[in-house]
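Work through the exercises below with the model open beside you, trying each task before reading its solution.

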Amino acid sequence: MREKILEILSTIRPECDFTEDVDFMEAGLLDSYDIVTLVTNMEITFGFRINGTDVVPENFGSIDSMIALLEKYGVH
């Protein structure tokens with residue numbers, strides 16, 4: 001799962017290093033437009049729909065927070 005998320009992130013922002021242990025939003029690696037693109041790509045890749053109430057910066061600030069979101073939706 002981690003590898004697929006990294007692959008999605010690298011297609012959105014190939015110039016960024018998403019292996020760093022930082023908040024991607026606070027570090028400026030992702031912006032709100034990137035989150036929309038990320039949500040769409042995650043839905044397609046993992047085959048589920050993300051509820052609009054879950055599209056908040058806290059769920060996309062790190063790989064671990066994205067994995068937690070996926071697990072919430074039963075994706076393993």
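**Exercise 1.** Determine which partner aspartate 34 has in a salt bridge, and where the two residues lie.

*Solution.* Start with the atoms: aspartate 34 forms a salt bridge with arginine 13, and their closest N and O atoms are 2.9 Å apart. The term stands for a side-chain nitrogen of Lys or Arg within 4 Å of a carboxyl oxygen of Asp or Glu. Side chains of opposite charge can pair when their charged atoms come close. Next, locate the residues: aspartate 34 lies in helix H2 and arginine 13 in the loop between H1 and H2, so the pair ties together parts that are 21 residues apart in sequence. Helices here are DSSP runs of H or I with at least four residues, and strands are runs of E with at least two, numbered from the N terminus. Then consider accessibility, where buried means under 20% relative accessible area, exposed over 50%, and partly exposed in between, with a 1.4 Å probe and protein chains only. Aspartate 34 is buried, with a relative accessible area of 5%, and arginine 13 is buried as well, at 18%.

This is a predicted model, in which local features need pLDDT of at least 70 and side-chain atom pairs count only at pLDDT 80 or more, while totals for chains, interfaces and linings use all residues. Residues are numbered from 1 along each chain as its sequence is written, and side-chain values use heavy atoms, with hydrogens and water left out.

**Exercise 2.** Find how many salt bridges the model has, and describe the one that aspartate 31 forms.

*Solution.* The count comes to six salt bridges. Aspartate 31 counts as partly exposed, because its relative accessibility is 34%.

**Exercise 3.** Classify the aromatic pairs of the structure by the angle between their planes.

*Solution.* Rings of Phe, Tyr and Trp (its six-membered ring) pair if their centres lie within 6.5 Å; planes under 30 degrees apart count as stacked, over 60 as edge-to-face and the rest as tilted. The structure holds two such aromatic pairs. For phenylalanine 18 and phenylalanine 24, the ring centres are 5.1 Å apart and the planes stand at 90°, so the pair is edge-to-face. Both phenylalanine 18 and phenylalanine 24 are buried. For phenylalanine 48 and tyrosine 73, the centres are 5.1 Å apart and the planes stand at 40°, so this pair is tilted. Phenylalanine 48 lies in the loop between H2 and H3 and tyrosine 73 in the segment after H3, so the pair ties together parts that are 25 residues apart in sequence. Phenylalanine 48 counts as buried at 11% relative accessibility, while tyrosine 73 counts as partly exposed at 27%.

**Exercise 4.** Describe the secondary structure of the whole chain and how much of the chain is buried.

*Solution.* The chain has three helices and zero strands, and from the N terminus on its elements run α-α-α. Buried residues make up 39% of the 76 residues in the chain.
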